[in-house]
Amino acid sequence: MNAVPYLALVSALAALGLAYFFFLDVKKASPGNDRMVFLMNEISKGAKAFLKQEYTWVAAFAAVMAIVVAIAVTPFGAIAYLLGAVLSAGAGYAGMTVATMANARTTEAAKSGPAKALPIAFRGGAVMGFAVAGLALAGLMLVYIVFVVLMESDDAFEIVTAYGLGGSTIALFSRVGGGIYTKAADVGADLVGKVEAGIPEDDPRNPATIADNVGDNVGDVAGMGADLFESYAGSIIAPISLVAFATALAADDIGDDALALLMFPMAIAFVGMIASIIGSFLVKGGDSTDSKALSKALHLGTNVAMGITVVATLGVAYLLFDGDTFDQPWGLAVSVIGGLLVGWALGKTAEYYTSDHFGPVKKIAQQSETGPATTVLGGISAGMVSVAASVGLILVGVGIAYWGGQQTFDTIGNLEGGLYGIAVAAIGMLATTGVVVSVDAYGPIADNAGGIAEMAELDPSVRDVTDALDSLGNTTAAVAKGFAVGSAALTALALFKSFEFAVMEAGTELNLNVGEVDVFIGLFIGAGLPFLFAALTIDAVGRAAQEMIEEVRRQFREIPGLREGKEGVVPDSARCVAISTQASLKEMVVPGALAVVVPLVLGFLSIDALGGMLAGALVTGFALAIFMANAGGAWDNAKKYIEAGAHGGKGGDPHKAAVVGDTVGDPFKDTSGPAMNILLKVMTIVSLVFATAFANNQVF
């Protein structure tokens, strides 16, 4: 049993080795002609420049947080916090670097059809997928082995939790900053290019096109990678912290029963990683550009990985839970498998509401016949309806996980088997993170490949292939967001219970009676906070996009021959890249700091109000995240459905209405929505890390 952390560490190193193998595989592919190489390099330079500046800004915030952790918790906690932050940033940077290298290579391969293009795009994304999963698991296992196993530190489990806080900090700023960047460029490029100037998407005449393609990488690759890094690490930390704080564990006195409960999430991470590695080799493209055929090819690896994980989870449960304390080992296996299946179902629900194969997107496209207003209303309605389905699935998942945990054990210390079952259900959702992120990161690469095909003025048949890959990428992104936000709800719940136990251990009773005025106040603060956060991030995109729109208009107005495509006349793309960079860095500070500052302030004022706030934020934040992600995805694919020839195709009034819907949905699906699940976990994990400090220093 004691070997489990080491096995998990080995699997993490194997994932990093696979990421390097895929990097070499992508690198050896041809990047195409000189124009394609030039565009690839411009996108890469813009993305690296942005990340360098973003990480410089975030490093200052992380340094302050590390000092606060060192003073309020433990100096070793600051070390773990910084390790989590550095590895999260490193995963994002590595994945983005390879994604910007894979885009032109995917375009070049698309000349020969999807059979060659799909594997290159997927393997480019797989570098991100396995870098994220490998670094997250390796770092966490190192922290656990050093501080729990070897040093037996007095604050061992607080230190483990601080590692998750480090990853969450980078994830929050990366998602918000990258999301503002990419959507400011995207909205500016679409509204002035497609609607006002009447030129195609990614047209080389559009000054914002390069910035838009840079944004795909800093937001949808680096930002998404940091997001899934903290989601994955958090899903493993949640059950570990729950066991530690509920049973008042000391690192130098861990009984066999508690040890089995600690090892279980690590063992699931180990088998999930091995399954992901196997699944990644099964993704191969066919000759068809039909989205169903492409989807089947792309999801084969994920489905196989999930199947292997299901079987392996049963074996792990029977190996670990064979003592007298545990009744039915299969119960906790059911909890994990239930989480895995609910995560898959959440993804399929997102696919239903965002894919142009199904009614909701076709209905929005139909509504575009009567203008932008009905298009926007249709997307809002689809997003809201999807919340009801997703909430139902989460409740089913919670019920199955709670029941499964109860079958295995009743209580150990203060820990109920049902609560532990809910905690491990989250790791079930994210056990196959390596291959899930690979499929998600594939999307921005395919999107960039289409942009390069357009800007390099390649044969339209190439764009047909890249458009087919890109359209599928929108759906795969929605599926991954379903996994992420579903796991966020379960992880936040487990971390919340850990926070409650940590407060009790510090000698303070947490009161969550909504009839108490401070709890009631906290509940409403929590309910309103996700809306404030969403408003700040959407408003930030709007302001940044306004600057971009004015700049694109200025260049069309002041550069003779640009709009007409006169030979030798090129736009000033660098100016647009600079606008997105400066605006996003400036705008990310307030919403990013909000998630950390509010729980810190409220926790020292009233710990009961903080408990109410966390409960309120969890409920409204989950619903808002689902609504925005699915509404945005539906608008985007309704636009693409029309561009494929429906309702008059490109250039008509329905198309212009759909573009408006898409630009409304851009900050929904790529800025505010994805950042919402991080907001929930950041606030909860901040509360957990500082629980003892809050309990001992109450103002009221």
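Helices here are DSSP runs of type H or I with at least four residues, numbered from the N terminus. With that in hand, let's take a look around.

This is a predicted model, so local features need pLDDT of at least 70 and side-chain atom pairs count only at pLDDT 80 or more, while totals for chains, interfaces and linings use all residues. Residues are numbered from 1 along each chain as its sequence is written, and side-chain values use heavy atoms, with hydrogens and water left out.

**On the surface**

Start with a nonpolar surface patch of about 590 Å², built from Tyr-6, Phe-76, Ile-79, Val-146, Val-149, Leu-150 and Met-151. Helix H3 (75–110) and helix H4 (114–150) are the elements that give two or more residues to the patch, and H4 gives the most, with three. Patch residues have over 30% relative accessible area and no salt bridge, and nonpolar side chains (Val, Leu, Ile, Met, Phe, Trp, Tyr) are joined within 5 Å. The areas come from the Shrake-Rupley method with a 1.4 Å probe, and for residues only the protein chains shown count as cover.

**On the inside**

In soluble globular proteins, nonpolar side chains tend to be buried together. Here the largest nonpolar core has 244 residues, and Tyr-232, Leu-261, Phe-264 and Phe-499 touch the most other members. H4 gives the most to this core, with 22 residues. A core of this kind is a set of buried Ala, Val, Leu, Ile, Met, Phe, Trp, Tyr and Cys residues joined through side-chain atoms within 4.5 Å.

What does Leu-261 touch? Not counting residues up to four places away in sequence, the partners of Leu-261 include Val-243, Phe-321, Phe-409 and Tyr-420. Contact means heavy atoms within 4.5 Å.

Asn-217 sits in helix H6 (residues 209–246) and is buried, at 0% relative accessible area. Leaving aside neighbours within four places in sequence, Asn-217 is in contact with several residues, among them Ile-43, Met-96, Thr-100 and Asn-448.

**Two loop residues**

Glu-152 has a phi near 50°, a positive value in a residue other than glycine. You'll find Glu-152 in the loop between H4 and helix H5 (156–197). Glu-457 also has a positive phi, about 55°, although it is not a glycine; its place is the loop between helix H13 (433–455) and helix H14 (460–505). Glu-457 counts as exposed, at 65% relative accessibility.

**Charged pairs**

A salt bridge is a side-chain nitrogen of Lys or Arg within 4 Å of a carboxyl oxygen of Asp or Glu. By this rule the count comes to 24 salt bridges. Here are some of them:

| Pair | N to O distance |
|---|---|
| Asp-25 and Lys-28 | 3.5 Å |
| Asp-25 and Arg-123 | 3.2 Å |
| Arg-543 and Asp-539 | 2.6 Å |

Asp-25 lies in helix H1 (residues 4–27) and Arg-123 in helix H4, so this pair ties together parts that are 98 residues apart in sequence. Arg-123 counts as buried, at 15% relative accessibility, while Lys-28 counts as exposed, at 66%.

Arg-543 and Asp-539 both lie in helix H15 (residues 517–558), four residues apart, which is about one turn of the helix.

Finally, a network of salt bridges links Lys-183, Asp-636, Lys-639, Lys-640, Asp-662, Asp-666, Lys-669 and Asp-670.

Conventions. Patch = residues over 30% accessible without salt bridge, like charges linked within 9 Å, V, L, I, M, F, W, Y side chains within 5 Å. Buried < 20%, exposed > 50% of the residue type's maximum accessible area, 1.4 Å probe, protein only.
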